[in-house]
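Have a look around first, then read on.

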Amino acid sequence: MAEQEASGLQVLLSTLQSSCDKDVILNILGVLTDLLSLGTGRRIQYVISKGGSEALLQALTIAAQAKPPDHSTLLPLLRLLARVGQRDRKFGLKVQKSEATDIILSLARRNLGHHLHLIHCLWVLRVCASNVTTGATLGINGAMELLFKVISPYSKRHVRTVRAAIEALAALLKSKSNSRRAVHKGYLDELLRLYQDWHRNDLSNNYIYIRRGLLLCLKHITNIQLGRETFLGSRGMEILFTSVQDCLPCKNLDPIITTAIQILRKCYPKESLPLRSVTSSYGFPLPGNAKAEPLYEGSESDESDGEEDVEKYLENEDVENKYEDYDLETDVNRLRSQPGPDRPEEELGQYEAMCPELSQKFQVLEFESEEEKRLENRTESVPSIPSNFIPSAASVEQSNCKWRNQSGTEMGPDPGKKNFKVSPQCWMKEEKCRWDQSDEKRDSEEAAQDADSCEEEHPAGSHALALRPLPTDAAWYKKMFYPECEASGSSNPGERLESSDLVTKLLEKHQGDIPFHSPRFYMARARSVKSIPSYKDLAFPEFWGHQPPPHSKPLLERKHGVQRDKVLDDIRRLIQPGDVIGRTVFDLDEPSPPSPGVPGCLTFFSQFESGNLRKAIQVREFEYDLIMNADVNSNQHHQWFYFEVRGMKLAVSYRFNIINCEKFNSQFNYGMQPVLYSVKEALQGRPRWLRAGHDICYYKNHYRCRAATGGGMRGKFYYTLTFSIKFPHKDDVCYLAYHYPYTYSTMMSHLDLLEQNRNPKKVYWRQQTLCQTLGGNGCPVLTITAMPESKTGEDLEQFCNRPYVFLMARVHPGESNASWVMKGTLEFLVSSDPIAELLRKCFIFKIIPMLNPDGVINGNQRCSLSGDDLNRQWLTPNSQLHPTIYHAKGLLYYLRSLGRAPLVFCDYHGHSQKKNVFLYGCSVKETLWQAGCMVDTAVISEDVGYRTLPKILDKVAPAFVMNSCSFLVEKSRESTARVVVWKEMGVLRSYTMESTYCSCSHGLYKGVQLGTQELEEMGHKFCLALLILHLKSLPCSQKVMAQAALLLDLEEEITDRAQRRCSSSSLETDDEPPCVEEIDYNADSCSDGEEDFSELDQEIQECLSWVEEEREDEGATMGQTCSSKALRGIYISGQPAPSSAALPLHSTALGVYSGFESSPV
Ligand SMILES: [Zn+2]
């Protein structure tokens, strides 16, 4: 607005405060009324910024002193105050300063019998009360008592006034002291009675606002513990629950239903999870002196006022954020500083063994391919051996030898490790190992002996692991495996099959058509896995394999009110407990369940790789509460789930509630479904994980973590993920998971198959063991590149000098999507695709496909066995506690010490809150900008090369979205791989790649749930992008360029992509929109419309129009509003504002309300 206008407004306001001339005041009020009745809230904000609230309050003080009170001035003043005040954040303070609370209260008292006046006072009272301090003052001065004189049981008279009073009361009750006072005075019971009365009598739903207003009062009172207790004692739960049942069929009663359910959820008595302790069922003694953080569990009495906890929680959250933000993001020097290495230089020598490509002499190139052939012959023969459920002992051990000799031995054993199986001789020998034939042979022999000694240690040996039994009693099973018995009507198909016979029979049926999967290899690998509970069972899906379905599944459409239906069903357990069973049917902590094999009850199981169900409780006939195990040595991190379920009926919808989730929101609220694998389907030729389930939602529940547990404030609350499933078959064995599982054994057998299937003449492949994990599992590291073209010096030099690309995945075990992306990368890298061939000639790939094997094996979500988030240990990893991180960093240090730090570093992750695939990178400039720092571009010159790869990915990978990327270096991420590799190793292109579990916000996959195929494609496109990056960023030989030009029809890719872009018009929204239904019922920001200005505005406006109609009916002073419009014209056009004396209007001009004293509302 122009200066002149500003001064015009200021003149008006100062005149309003100082003038005693009634006409002048009326005119100004008229002008302001007209001015603010048009346009948006921005105009009101402008008036506020010019001191509008103060001026109006001052005018009120003066007007209220007039004897007798002049309502022609007071009413427009009060209306203006209500409209301006509700938008003025400091209104409460201003009201108190001008001591207007008493004035408003006494005005209201005096007008108790006059409803039009009273309603004006109530509006202002409500606006004043929305400031908690002012509200408390009003409460002390008797505002609530006053309001209860106005609020009446059901009546059709004066409903507007009653509504205004109830809404003012609701505002007052936001103050805890008012709520306390209200409970003590018995107002809570009174409110419940009033609510019941209005609910019963308002049969045609004419007074929804009154009913909801009463609920808002109850909602605020029950924010205090005393309120909740009284509410429970007064049968509030039953009253509201019953009333909601009446309201459910009527859609326009949603505001009532929503508010009532919020109160019900809040007042539902809080409980601890039905566990003896939330600490993980699995513990692991840490090596050396390291101690796990003591897991303190407070007593029940620490459970205090839930709502106050919320406030504390929010405050703490703030503090935490402030703390995290305080320096790194704003400090150029800290951002740019490169810390010294965390270990002595001498230590790096050990990593030389992990870079065999750098000292490879290839004297034995020919041998190499022969050797390969031999290996291939050996392993190829394995799957074809009939009647062996797994490769025979010898061949397994041989195949073990094969990897054992390559792995496990290059690194020295950790001194403190007890499970380390490799003999010191092995280690010594490997020091000088240079892949020569005699060594190879000796390795095999020693490793075989080694394996033998394993056998001695575990006499059960090869029998320790068996496939989960199949439902031999099920009709479909008999039909499938014993058709002859079926025909003869025999009910007993003979003895139960031994596990090995079962597998033999099964393998006869396996079609072997799943690429890069072999059940035999999987079993062989799974047998050598070391898990904390010493798994004895193999889950069927990983054994049998997964084949992506032919079509991807669209996002699940959310049904209206799905969450409230679920929540009401939860509350019904308390109010109508008749059908509640409450029987524990599975319990990891009590291996023999109290009531095994109850007929008609599902059977659960989870003690297999990556499984993590801890407890299952049958709540009602077809409903189960499920509790996930915490990460090992921890009492938190519940998100991932994977379990087996059997014994289902046909055509029944089973409801599952996972009741100890922790994240504050989930993609399950935005159309994502969990995945289901049916054994019967698999045996019928459809072996696949499918998105499944309906009525899915995610919301905060009534379970609380006992005080001080949960490793921080986040552990305070739990959320429920609920979904319902109709299983495809009766008596099936099914598996349910958060996302497509990908276990450690899956990865290991995948590597076996990749190695076998590669072309050894073209693909240089080395699988070594980076180190042993705490749990005693090997963490493989791969080297993949192209074999040198020839043994000429030039080619060998090119071979050695290829730049490095360093890739890792699965540091967070729950992020199985990252493994599927990595699977896509690996398969592409070793493939015979010409682009892959070229790419191998351009780079040496160092890949750690699973950085946290123990976490994956034991069903963790986030941590390793030490209970640490390994992606927060990169600054100073501990060699004992975080071996994989320590050695991954060591290997990177080693490469850097050779001047060979990778060109690209990327750590594959999964993101549970966001859609799309995107990168996090590191930029000093962008970090400073984001932190609001002035950046002198002359001081900071930054290579923007970090942007190239994401830009390419945006073009070539359909799931990838550039706009979702971020390049900030947050303090909270200071110890992640990405930031440390960027800072300490000086890698410009250091990234975390986040893949959604759900879907994409635009592009080809918008609206569909990503499957393994799309994830694998992402991994493959990542490789393509690396090649393009190479061509763009590095000097290339003519030959490479020519080859690339032939291969990469980039133009086409880009056009293709552009076309897809066109089809999606939506703008990028980084975060999800607010949920349709409130996940969290505690926060006062609940969308119940209380803070919605438009509602009160509308009331005021309606009152005006009603008044105006009346006036016109009376035929009085027509056209005078035009005068005020004319004045507004002057005001807005910016002409000099007339002085107060010269205001060209006389008293009646805007005194449109005079004479209404006698008009009842
Ligand atoms: Zn992650």
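## The zinc site

Keep in mind that this is a predicted model. So, what holds the zinc ion on the protein side? The donors are His-812 (ND1), Glu-815 (OE), Glu-815 (OE) again and His-909 (ND1), lying 2.1 to 2.2 Å from the ion. Along the chain, these donors follow the spacing H-x2-E-x93-H. His-812 and His-909 link distant parts of the chain, as they are 97 residues apart. You'll find His-812 in the loop between strand E16 (804–809) and helix H34 (816–829), while His-909 belongs to strand E18 (residues 904–911). Both of these histidines are buried.

How do the four donor atoms sit around the ion? The angles among them run from 59 to 149°, and the site is irregular. To count as tetrahedral, all the angles would have to lie between 85 and 135 degrees.

## Two helix pairs

A handy bit of background: two packed helices are described by the angle between their axes and the distance between the axes. Start with helix H28 (residues 519–527) and helix H32 (residues 744–757), whose axes come within 8 Å and cross at roughly 125°. That makes H28 and H32 oblique to each other, and H28 passes H32 in a right-handed crossing. On the H28 side, the contact is made by Phe-521, Tyr-522, Arg-525 and Ala-526. From H32, the residues taking part include Met-748, Asp-752 and Leu-753.

Then there's helix H8 (residues 115–129) with helix H9 (residues 132–140), packed at an angle of about 125° with their axes 7 Å apart. H8 and H9 are therefore oblique to each other. Here Leu-125, Cys-128 and Ala-129 in H8 meet Val-132, Thr-134, Gly-135 and Leu-138 in H9.

Most residues other than glycine have a negative phi. Glu-99 lies in the loop between helix H6 (91–97) and helix H7 (100–110). Is Glu-99 buried or exposed? Its relative accessibility is 60%, so Glu-99 counts as exposed.

Arg-810 also has a positive phi, near 65°. With 1% relative accessibility, Arg-810 counts as buried.

Terms used: Residues numbered from 1 in each chain as written. Predicted model: local features only at pLDDT ≥ 70, side-chain atom pairs only at ≥ 80, totals over all residues. Heavy atoms only, no water. Donors = N, O, S within 2.8 Å, 3.2 Å for Na, K, Ca; no water. Tetrahedral: all angles 85-135°; square planar, octahedral: opposite > 155°, others 65-115°. Helix = DSSP H or I, 4+ residues; strand = E, 2+ residues; numbered from the N terminus. Buried < 20%, exposed > 50% of the residue type's maximum accessible area, 1.4 Å probe, protein only. Axes fitted to C-alpha atoms, helices over the stretch in contact; angles between N-to-C directions. Parallel < 35°, antiparallel > 145°, perpendicular 65-115°, else oblique. Left-handed = near helix turned anticlockwise from the far one by under 90°. Contact = heavy atoms within 4.5 Å.
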